[in-house]
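Subject: Structure handover

Hello,

Here is the structure for you to take over. Please open it first, then read my notes below.

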Amino acid sequence: MRNQSRIAAEFLAAGKSESCPVIDMHGHYGPFHGIYFPSPNADGMLETMDRCGVSCIVCSSHTSLVDMERGNREMAEVVREHPGRFYAYRTINPNYPERAAREIVRFPDDPGFVGFKFHPSSHSYPVTGARYVPALEYANEHDLLVLSHCWGHSDTDGPKLFSKVVGKYPNITFLLGHSGYGEWEAAFAVAREFPNTYLELTAASRVSGIIARMVAEVGSEKVVFGTDLPWFDPHYGIGSVCFSRITDEDRRNILYRNAERLLAPVREVGG
Amino acid sequence: MDWFDCNCGFGIPAKPFGSVFATAAELLDELDFCGVGEALVVHIAQQFESPQTGNQLVLTEIADQPRLHPAWAILPPQTEWDVASFVDGIKRHGVGALRAYPEEDRYLLNGLTFGPLLEELVGRRIPLFVGPYWQTVADLLGDFPELTLVVVDHGNWGDDRFFRPLIDRYPRLHLDTSSYQLERGLADFVRRYGPDRLLYGSGSPNIQMGAALLTLAHADIPDAAKVAIAGENLRRLLSEVRL
């Protein structure tokens, strides 16, 4: 093997790295239609995380994408039972503004929630729409994260739409979930222009050469790791990072340093 | 482990999706970077230009590369090649595997179109590689249950509900691992079916070569199963071919 990365060598030898823990910024939880998951519960996910050297994961439950209140309650319970391993995003479904308003009010009630999850494609509502504004204003006021699905050429969450949103809320850290898959240059442009916007690797990491392009065009300080667990085996994405033509410093930034920095506030308050 | 990639290629695509390995040498450089010893390869022209051109290109471009082994693309014998001359070609050039691109080349991959060729493949145990067109795969195996069929590029969004009934019924059906990124997917599959039906594939140049590699290297399965999937299974299939 000509890859001289010490981190790659560690992962190849042991499946994990003592010196390079992994933080997964894009997880889910529970079963979901359309796919067979062998083990989508907390114990199964923790077992996988331990096998792959993933120290913690930030999730939104699959249920919350359908019924946000029931799903967010489910996720809060998981976080309470596994503090420090599971963190969560509170899902906002803009199709139910009154219920969404209640979820915003409830935000401080549950420790370990780091921000909001948007899935404009699933909810058929554009990220630029007015019904997201209350959650964005709350997140901006409280310095929260917003992980949003961001898929290339989508008319609800394509990367160009985010350029109309992220600049209005400078205190929010936006994670472009899937990095605008397939419309890469537009996503790179948003992450380059706005200091509060990061690229997130779920599904995108598998595209050969894309991580090296992100590092070259945006910088590894603006890329975070994610897997959609329990969808994708963490080793699949970690393997993509390890075998990209980037430096080990870049790998550390992507696999944990950037995420540590973003999660530090919630960890400091004991979330 | 002794890695033998069953699913990779090189050439210049009209619309690059990921990295571009323009030549066999560039593909070999990536294989070396990842520690992969051998590969069954196609030229991108076989899929996106024409099988006629691509089948010749893959031979000429890997002629001095003993670590790379060619697969040829098939076309209906009613329009392009008669079966006898096609089989003669694969015998002369030592082509031990075939690829079907029914969508790009616009044909029905079934007995009606390919009956005599498929009978040759069954008799000679030549594996046919095809994408995850599950209804086509089900119909094809219904007509040719002894065909050695390898479905590649499946599973990005979880195809187990499609392929498990087929794996149950058809012992010559195999799957590549290039997009089988389901959490615990490999372990769950191997526990039920054993390791012999899976072949390591990278999916390069579209997919980052290390993705499926690290996933297999640390799947929760016995080491012997990893060795089989990494390369032994493909070597076994190719050794069974009677040209």
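Helices (H or I, at least four residues) and strands (E, at least two) are DSSP runs, numbered from the N terminus. By that count, Phe86(B) sits in helix H4 (residues 83–93) of chain B.

Two points on conventions. This is a predicted model, in which local features need pLDDT of at least 70, side-chain atom pairs count only at pLDDT 80 or more, and totals for chains, interfaces and linings use all residues. Residues are numbered from 1 along each chain as its sequence is written, while chains are lettered from A and ligands numbered from 1 in the order in which they are written.

**Phe86(B)**

Phe86(B) counts as buried because it has 20 C-beta neighbours inside 10 Å. The cut-offs are these: buried means 20 or more other C-beta atoms within 10 Å of the residue's own, exposed means 12 or fewer, and partly exposed is in between, with C-beta atoms placed from the backbone. Leaving aside neighbours within four places in sequence, Phe86(B) is in contact with Trp81(B) and Leu117(B). Contact here means C-beta atoms, placed from the backbone, within 7 Å. Leu75(B) is 11 residues away from Phe86(B) along the chain, and their C-alpha atoms are separated by 9.5 Å.

**The two chains**

Chain A has 12 helices and 8 strands. Chain B has 11 helices and 8 strands. The radius of gyration of chain B is 17 Å, close to the 18 Å that the globule rule gives for 243 residues, so chain B is as compact as a globular protein of that length. That radius is taken over C-alpha atoms, and the rule is 2.2 Å times the number of residues to the power 0.38.

Along the principal axes, the C-alpha atoms of chain A fill a box of roughly 55 × 40 × 40 Å. The C-alpha trace of chain B spans about 45 × 40 × 30 Å. Buried residues make up 55% of the 271 residues in chain A and 52% of the 243 residues in chain B. Now take contacts between residues at least 6 apart in sequence. In chain A, 76% of them join residues at least 24 apart. In chain B the figure is 70%.

**Where the chains meet**

32 residues of chain A are in contact with 32 residues of chain B. On the chain A side, helix H1 (6–14), H2 and H11 each supply at least two residues. H11(A) gives the most, with 6 residues. By class, the chain A side has 17 nonpolar, 11 polar and 4 charged residues. Nonpolar covers Ala, Val, Leu, Ile, Met, Phe, Trp, Tyr, Cys and Pro; charged covers Asp, Glu, Lys and Arg; the others, Gly among them, are polar.

**Helix H2 of chain A**

Which residues of helix H2 (residues 42–52) of chain A are buried? They are Met45(A), Thr48(A), Met49(A) and Cys52(A). Seen down the axis of H2(A), they fall within an arc of 100°, so they line one face of the helix. The arc is that of the directions from the helix axis to the C-beta atoms. Their cover includes strand E1 (22–27), strand E2 (54–59) and helix H11 (234–242) of chain A. Just after H2(A), Gly53(A) takes a positive phi of about 70°.

**A helix pair in chain B**

The axes of helix H7 (residues 134–143) and helix H8 (residues 160–169) of chain B come within 10 Å and cross at roughly 10°. H7(B) and H8(B) are therefore roughly parallel to each other (under 35 degrees; over 145 is roughly antiparallel, 65 to 115 roughly perpendicular, the rest oblique). Axes are lines fitted to C-alpha atoms, for helices over the stretch in contact, and angles run from 0 to 180 degrees between N-to-C directions. H7(B) brings Trp134(B), Val137(B), Ala138(B) and Leu141(B), and H8(B) brings Phe162(B), Phe163(B) and Leu166(B). By class, that contact has 7 nonpolar, no polar and no charged residues.

**Backbone points to check**

The peptide bond from Leu229(A) to Pro230(A) is cis, with omega near 15°. A cis peptide bond also joins Ser204(B) and Pro205(B), with omega about 15°.

Best wishes

Terms used. Two residues are in contact if their C-beta atoms, placed from the backbone, lie within 7 Å.
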